[in-house]
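Have a look at the sequence and the structure first, then work down the list.

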Amino acid sequence: MTLLPFIALSVVAIAFALLLVLNRNAVHGALCLVVNFAAVAVFFLMLGAEFIAVVQVAVYAGAIMVLFLFVLMLLNIQGQEGGLEQKPRSQILIAAVLGILLLAEIGVLAPLAAGLGGAQAAAVPADFGSPRLVGLTLFRDHLLAFEIAAFILLAAMMGAVVLAKRRLA
Amino acid sequence: MAWNAPVPFASWVMLSGVLFSIGAVGFLIRKDPIIMFMCIELMLNAGNLLFIAAARYLGIMAGQVFVFFVMAVAAAEVAVGLAIIVAIFRTKSTIDVDEMSGMRG
Amino acid sequence: MIGDFLWLIPAFPLAGVLVNGLLGHRLPRMLSGTVACLAVLGSAVVSVMGLLHLLQTPAGQAREIHQTLFPWISTGSFQTSVSLMLDPLSAVMACVVTGVGFLIHVYSTGYMAHDPRYHRYFTYLNLFTFAMLLLVLADNFLLMFVGWEGVGLCSYLLIGFWFQKPSAAAAGKKAFLVNRVGDFGFLLGMLFIFAVFGSLDYRVVFDKVAAEPGAITATLTAICLLLFVGATGKSAQIPLYVWLPDAMEGPTPVSALIHAATMVTAGVYMVARCSILFVNAPAALLVIAIIGAATALFAATIGLVQNDIKRVLAYSTVSQLGYMFMACGVGAFAAAIFHLMTHAFFKALLFLGAGSVIHGIHEEQDIRRMGGLMKWMPITGFTFWIGTLAIAGIPPLSGFFSKDEIIWYSLAGPMGHWAFWAVGVVTAVLTAFYMARLTFKTFHGQPRMPEEIRSKIHESPLSMTTVLTALAVGAVFAGLVNIPEAIGHRLHLPENSIAAFTHFLEPSIVEKKEAALLIANAAGNAPVGFVRPAPHVDHALELPLMGLTFVLALLSIALGASWYVRRPGTATALAARAPALYSLLLNKYYVDEIYSAIIVRPGMAFSRFLWRGVDVLIIDGLVNAVAWFFGIASRLFRVVQSGYVRGYAAGMLAGALIVIWVLSR
Amino acid sequence: MSDTLFTWIASLVKAVLVFAVLMSLVPLLIWLERKVVAWMQQRIGPNRCGPFGLLQPMADAVKLIIKENIIPAGVDRVTYYLAPILSIVPALAAFAVVPFGEPVTIFGRTVALQVADVNIGILYILALSSLAVYGVTLAGWSSNNKYSLLGALRSSAQMISYEIPIGLAVVSVVLMAGSLSLKAVVDLQRDSGYWLVFPQLISFIIFLIASNAELNRPPFDMAEAESELVAGFHTEYSGFRFAMFFMGEYVNLVTVSALATVMFLGGWHAPFGLPEIPIVWFLVKIFAFIIFYMWIRATLPRIRYDLLMAFGWKVLIPVGFLNLAMTAVVVTLAADRAMPLLTAVNVTLAVVVGAIIKIAGRRVERRAPRLAPVPEAGG
């Protein structure tokens, strides 16, 4: 975890995040987001979370973003939206002000985070972030939350099926 | 500062914060709900990144498990959200969010 | 080693459930029936192996096998695993359940042969067997509760098996609801146990109670009474017995399996299993004895006048279960289990015999339209007679030994009393009489069915008669495993053959001398002073009393013969002379009507009040008021509610910024 | 030479070697497929160019490379260029964690015959296989052609759906091995003496079927069904870009076969106690799989799309879940006897199901009236 790869990857991540926001084409936007996710996955690897990194690729890049692409292609809407649209100019103004305020707050607060006791990386065992440890933590300490997450997924699945049924229209 | 110096925790917070801000601003300025959705995913990811970083710097596994849950919820949210968008598109033949301002379809 | 294969006992029926439940509609009938029978046969074989293993264990060693399958719930201080236990008590129960269950499965292949939902029937039957075995083999209360609920569910499914009949659907619902009341008691008792002992494992709880007898009598009494509430629901005791007679709407083999031989005995089993708790709570024991005795007498009187062949047997079952609870209540748990076992044989026999009769004369159940069936159905008639004699307590059939043991202990047991004894004897006489009435009216005398049916009456198929014969053999000989001491010593039988069953059960159940001591000890600490030490009754009395019951039973059978065969009008004439009493009995003391009047109707009225008064007026009124308020308020805030998602999002972000700013200061 | 440097060099060499071998396998496989299918259809196959037509793929490659690269009007250029690359890269990258032999000693140092032995190898492969869908999807979308788009839609739905049974099958294997490292899976099969194909027969069958769908090969080649979609997602591609799709497809075929070999057929170890020869056995098994896939292609007709989805969701996934549950129960309750127990159960099930299918099939045949023979399709 050294500064050089961190900064290099940060640039990539931020650049593609910006591309997502500023891009005209939704499919290109989705691809930018995939690259951003890949960069974040590498961050996860750097932070010793290998299992989560792989899950990030498999779930976000492999499933969620494919779903986005799928819907984009299914609807296949062209040129309805024009990048940074003009209509309510005030909206963009508000967004800019709020964004700057948010950045400012984070800029002020981030250095304070060092005071939380984790300024430097803690010494962790070799298997930190391994599937075994994630599994143990998940099923030992957070079993109930896990079961609830399962229910949420089930409910979401049923909701999606019901919503997407043609009859609704 | 040497290039191979360790990354301080504050940098992770900053990075995560910048990504989050981009997502938030993107959500505010775009009109295509699918892109707005992607901006939400971006914000969630920024949060995940902070979780993982905190887990590493504090040496606590719980952070990684939380990310796991965030992913599960994000997947659920995308499934339902996209289904809603598809349903709206079917009835309105448009997915401009500003067109979706009525309380009934 | 049998201990490693304990899981097979419930696993076989479960496999049967899976096969029949998932693939049944694709399988040919033959196969689905065979699978179900084989599944139960498999667990019967393993159960018998387990029983033999326990029998071969020398007396000194622990006659108990445990097998922990996997940890089930482990959260904080609460740990439970799915683990099984085979000790003499559960081995006997498992053998009864699987043995009788297997015979009834075989019988069902014949009885249900023409039913369109054949595989589903066997799925339920196997599921029932699985749940019952889980109940019996569990080594903690929670797992037992799973089985307990499982048999309740299966009972509901099977009573309502012919759900197209409204009466069957209603009966199923009734059974389910009434059982729920009992289960609630059981659940409360279980929670109490966990609160007091911090565990639900039998071993832990029982050892703690045994370690300091009499230490916590008051709470224990509450626990025992709550557990007993559960038992009254499952085992059809006053006041929760009302579902059992209605349960006769189900297919007859179901009545035999569930409502005579196995499920209804779950309560008795549970009380015997927890005998160590109950002997430390004599007040609860007294309640059990009184309720048991009352149920025995009460149900027997109703049985005297019923005309539906299955209903008579149903009330007889309630009455016999009352006997078992009376035995538990007076501290003779082994006698209760012994009667449970013999009863399983002869009551299953009687029910299946009744099923055979119904099957043979084309779905007729009213004994007023039967008679003289011996001519057409000799095997059914003969085996039915064996069942009748067994339940009436005619030596040397099994019922004689078990019933007389209970009657004797109701006088001489640790909690014995002459009143219990008297109830026992009177009930025995009534039992003999109504069974004689049933048998004579069905199989003897003039045929009273319509002419056109007579030519079609036939003996049942081989699969049914074989089962009847097998059960008859059991009903004849099952009693010999527990020859009472009085007879055994008189006949100079070898010492190890006398009361063998009771001795075998000793590791699982508090033995009666010890029970007497514990009860006396607990009674000393009891908050209520009505429990007295065991009465002293001379052992010399046992044989004469036995003889007395026997003679009275014979006399009532003879009376039945004279009333219903020699001079068929007598009974009707008698009924006409006491019309009030007769209709009181015929209408089962109007208990259903009373329940309806004091529980169901007020409940409905109260619900109506909640609906009209509370819900419509107050709650809806409040809601409307709130809505009105917000109607006014929203007129003000409508400006903000633009419907533009991005506007909301901007508001959210602004709010979040403020919150972060405030929090970070 | 320092250890770090050595490791770096070794990794680089291994990566380059694997890349080279995979790339040179592609023409060979194309030739093999044409030959095998030809034999099965009683034809001869390529036989003009070189001995046994071995040089035919070379000729084809040259043709494809020097052909004009047509870029139709209205395509989305960035994605159009990106798509072929995206279809080949995950396939190559996935091979990185496949072990193909016991560690060997070079210059006194142990080198694992595997580009990278990461302890989440199997997850890595699953993640990469989920990326493989991008190539097809983007190619279809960017071509601005409705047939391509339909092919891409079909393919993305199909690949997302069939990833689940693959995952279930793989997780069952992981449960047995207790590790996500592919090397551990091979070691388990060596130590226990059981190839996992027996205790995990159900998984194996699910894997075979679902991987066929993931590979977009017949009978699941809905994405490029010629009779319906012209050529599906690559209709608008030509020249070298078209060749890259081909290469991706065949590299994927090798990767999947290697994965099946490692997970179910004991990896590089010799069967029946035959002498161990490094890598040779591994290649033999891989080729057995490849030829099996070709056999399927030559035998089975293409399945209808809705049936394909129904089969995946209603058959493969439930069966996969049941198998996973069964494996979990057995592994938890009887860890030391899991292998023989599961073998017994699986083989019995296979026999029973086989018998049922046989009988049911005969019954259906008897019941259904014979259909009139379908007229032969042209070609």
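1. Start with helix 3 of chain A, which has a kink of about 30° centred on Met65(A). Keep in mind while you look that this is a predicted model.

2. How far apart are the end C-alpha atoms of helix 3 of chain A? They are 36 Å apart. Helix 3 covers residues 50-75, and at 1.5 Å a residue its 26 residues should span 38 Å, so the two values agree.

3. Is helix 3 of chain A mostly covered or mostly uncovered? Mostly covered: 19 of its 26 residues are buried.

4. Chain B has 105 residues, and 64% of them count as buried.

5. Now for the aromatic rings. Over all chains, the count comes to 42 aromatic pairs. Take Phe51(B) and Phe66(B): their ring centres are 5.5 Å apart and their planes meet at 80°, so this pair is edge-to-face. The cut-off for that label is planes over 60 degrees apart. Phe51(B) sits in helix 2 (residues 33-58) of chain B and Phe66(B) in helix 3 (residues 62-92) of chain B, so the pair ties together parts that are 15 residues apart in sequence.

6. For the label, buried means under 20% and exposed means over 50%.

7. Compare that with a pair in chain C. The rings of Phe338(C) and Phe501(C) have centres 5.5 Å apart, but their planes are at 45°, so this pair is tilted. It links distant parts of the chain: Phe338(C) belongs to helix 15 (residues 333-360) of chain C and Phe501(C) to helix 22 (residues 500-505) of chain C, 163 residues apart. Both Phe338(C) and Phe501(C) are buried.

8. While you are in chain C, find the aromatic cluster. One cluster is formed by Tyr118(C), Tyr121(C), Phe122(C), Tyr124(C), Phe161(C) and Trp162(C).

9. Next, the loop between helix 8 (217-234) and helix 9 (243-246) of chain C, where Pro239(C) is found. Ile238(C) and Pro239(C) are joined by a cis peptide bond, with omega about 5°. Ala236(C) lies in this loop between helix 8 and helix 9 as well. Phi of Ala236(C) is positive, near 55°, in a residue other than glycine. Ala236(C) is buried, with a relative accessible area of 0%.

10. There is another cis bond to look up: the peptide bond from Pro395(C) to Pro396(C), with omega near 0°. Pro396(C) is in the loop between helix 16 (378-392) and helix 17 (398-412) of chain C.

11. His492(C) also has a positive phi, about 55°, although it is not a glycine. Where is His492(C)? In the loop between helix 21 (485-490) and helix 22 of chain C. At 70% relative accessibility, His492(C) counts as exposed.

12. How many cavities of 30 Å³ or more turn up in a search of the whole structure? Five. The largest cavity holds about 240 Å³ of space. It is lined by 18 residues, and the closest to its centre are Ile125(D), Ser129(D), Glu214(D), Asn252(D) and Val256(D). The lining of the largest cavity splits into 13 nonpolar, four polar and one charged.

13. The second largest cavity has about 170 Å³ of space. Among its 13 lining residues, the closest to the centre are Val136(D), Leu215(D), Asn216(D), Glu249(D) and Asn252(D). Helix 10 of chain D gives the largest share of this lining, four residues. By class, the lining of the second largest cavity has six nonpolar, four polar and three charged residues.

Key:
Residues are numbered from 1 along each chain as its sequence is written. Chains are lettered from A and ligands numbered from 1 in the order in which they are written. This is a predicted model: local features need pLDDT of at least 70, side-chain atom pairs count only at pLDDT 80 or more; totals for chains, interfaces and linings use all residues. Side-chain values use heavy atoms; hydrogens and water are left out. Helices (H or I, at least four residues) and strands (E, at least two) are DSSP runs, numbered from the N terminus. The expected span of a helix is 1.5 Å times one less than its number of residues. The bend at a residue is the angle between axes fitted to the seven residues ending there and the seven starting there. Buried means under 20% relative accessible area, exposed over 50%, partly exposed in between (1.4 Å probe, protein chains only). On a 1 Å grid over the protein atoms alone, a cavity is a set of points where a 1.4 Å probe fits but cannot get out, and a pocket is an open set with protein on both sides within 12 Å along at least five of seven lines; lining residues have an atom within 4 Å of a point. Grid points are joined across faces, edges and corners, and a volume is the space filled by probe spheres set on the points. Ala, Val, Leu, Ile, Met, Phe, Trp, Tyr, Cys and Pro count as nonpolar, Asp, Glu, Lys and Arg as charged, and the others, Gly among them, as polar. Rings of Phe, Tyr and Trp (its six-membered ring) pair if their centres lie within 6.5 Å; planes under 30 degrees apart count as stacked, over 60 as edge-to-face and the rest as tilted.
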